[in-house]
Amino acid sequence: MNSPRFLKARTELRAVALIALPVITAQLLQMGMGVADTLMAGRISPLALAAVAMGSAMWFFTFIAGLGLMLALTPIMAHHVGASRHHLIGGEWRQGLWLALALSLVQMATLLALALLMPHLGIASEIVSETRRYLLWVGWSLPFTCLYLVPRFLNESMGHTMPMLWTQLLMLPLNVLGNYVFMYGHFGWPTMGGAGAALSTGIAQTIGCLALFTYTLRTPRYAAHRLRQTWARPDWAHIARIVRLGLPISIGMAMESGMFTATALLMGRFGVDAVAGHQIAINIASIAFMVPLGISIALTVRVGQALGAGDPLAARYRGRLGIALCSGFMAVSAIVLWSANEFLASLYTPNAQVIAVAAQFIVFAAVFQLVDGLQVGAMGVLRGYKDTKIPMLVTVFGYWVIGMGLSLSLGVFGPLGPVGLWVGLVGGLAVAALVLNVRFWRLTRRVEPLPAATR
């Protein structure tokens with residue numbers, strides 16, 4: 001048990017855990033906000049639950065596309081850290097702030113476009129009305145949501161992930177309290193239903209943004225980077241370099257999120273029970289996904305720092321070990337979801353019909369877990385390599401050609417109905433996971449030190 005190979009793996013797993021565990025906990029707390037929204041909406045009515053499902057899916061789609069663009073800051077800064085180019089990090093910070101502000105305007109326009117598109121997708125009119133109210137009450141907070149990403153990725157790139165954990169510990173109880181006040185109409189506030197969950201989410205996101213900025217700007221840890229002392233106008237050439245790396249990440253993540261959003265919208269064709277059951281299954285699967293997602297973020301940092309230091313052997317080893325770790329956890333998750341599907345569904349709603357639908361979807365979510373671990377692990381590693389264009393093409397093909405093709409042919413126009421939509425989700429993700437892992441193994445066959453010009 002004390003062999004060099006074992007000691008090497010234990011050392012690397014400890015380093016990954018130091019980064020990943022606070023991220024995982026923070027992500028779970030963030031997911032807890034969605035769980036709270038879903039649970040509290042389910043106690044109001046299936047319509048309120050459906051509105052939260054549709055509205056949060058569209059909000060998440062716009063957020064995740066922006067997250068992908070801003071995510072380029074993590075490997076960029078991680079490479080600077082690995083190469084000891086700490087003097088360049090302040091410039092990335094300032095231009096990242098300008099990019100976040102511009103991005104938030106695009107996201108707000110995207111939410112408006114999605115709201116206008118809903119009636120043309122055959123969605124029931126009562127769901128359209130309630131979902132639009134949800135989008136109205138959450139859309140105003142997008143600038144704060146985008147700005148939050150800049151200090152988050154600065155901290156993550158240096159392996160300092162505890163600040164995000166403390167921020168999420170603040171946001172979750174604020175969100176639950178806001179739901180209690182706004183959704184149910186307490187303390188003199190009018191009853192808002194699903195729209196109250198949106199307002200509560202927006203307030204919590206704004207406070208979280210302000211808290212993380214306060215920490216990052218005041219901590220002595222970053223004093224040398226002069227984050228507060230200097231300012232700069234937008235450097236469009238600098239911003240363009242961030243966008244060139246981040247745009248393929250954004251497109252890839254938007255394709256994945258877009259597939260889930262499109263599936264939620266198409267589920268609206270089958271009625272309130274199908275939408276509510278789908279929301280429950282997706283919510284449960286998303287909770288499990290937070291663990292490999294946290295590991296994936298840690299892999300981007302660890303691989304990026306190794307490559308910045310000119311050590312491709314360490315980068316390859318970290319990538320392989322991390323992908324195996326993601327896959328192992330998701331295999332355990334799949335067993336739990338498969339064996340406890342009805343019990344898990346019953347935690348969200350007392351409605352027997354919704355429970356039956358959700359339990360059926362959770363079985364597919366269990367299969368989904370098996371390939372999701374491979375996919376997210378490989379994606380995190382490839383981002384550490386700053387390899388973003390090929391993964392983007394892979395996700396477009398896997399999610400929209402294979403995944404959506406199966407959903408439409410089997411679910412919308414075929415005999416399987418709502419189940420066919422889940423077959424498409426699993427099929428599309430399986431193809432993407434396989435090809436991304438092949439990409440990683442092919443990319444890392446060469447292990448020579450990087451040329452100095454690429455460091």
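Ile390 lies in helix H14, which spans residues 389-412; helices (H or I, at least four residues) are DSSP runs numbered from the N terminus. The model is predicted, so local features need pLDDT of at least 70 and side-chain atom pairs count only at pLDDT 80 or more, while totals for chains, interfaces and linings use all residues. Residues are numbered from 1 along each chain as its sequence is written, and side-chain values use heavy atoms, with hydrogens and water left out.

**Ile390**
- Ile390 is partly exposed, because its relative accessible area is 35% (buried means under 20%, exposed over 50%, partly exposed in between, with a 1.4 Å probe and protein chains only).

**Met330**
- Helix H11 (residues 312-339) contains Met330.
- With a relative accessible area of 0%, Met330 is buried.
- Beyond neighbours within four places in sequence, Met330 contacts Ala288, Phe289, Pro292, Gln369, Leu370, Asp372 and Gly373 (contact means heavy atoms within 4.5 Å).
- Met330 and Met259 are 71 residues apart along the chain, and their C-alpha atoms are separated by 21 Å.

- Ile207 belongs to helix H8 (residues 194-218).
- The relative accessibility of Ile207 is 32%, so this residue counts as partly exposed.
- The patch of Trp140, Leu170, Ile203 and Ile207 has about 290 Å² of accessible area together, by the Shrake-Rupley method with a 1.4 Å probe.

Notes. Patches are made of residues with over 30% relative accessible area and no salt bridge: like charges are joined within 9 Å, nonpolar side chains (Val, Leu, Ile, Met, Phe, Trp, Tyr) within 5 Å. A salt bridge is a side-chain nitrogen of Lys or Arg within 4 Å of a carboxyl oxygen of Asp or Glu. Helices (H or I, at least four residues) and strands (E, at least two) are DSSP runs, numbered from the N terminus.
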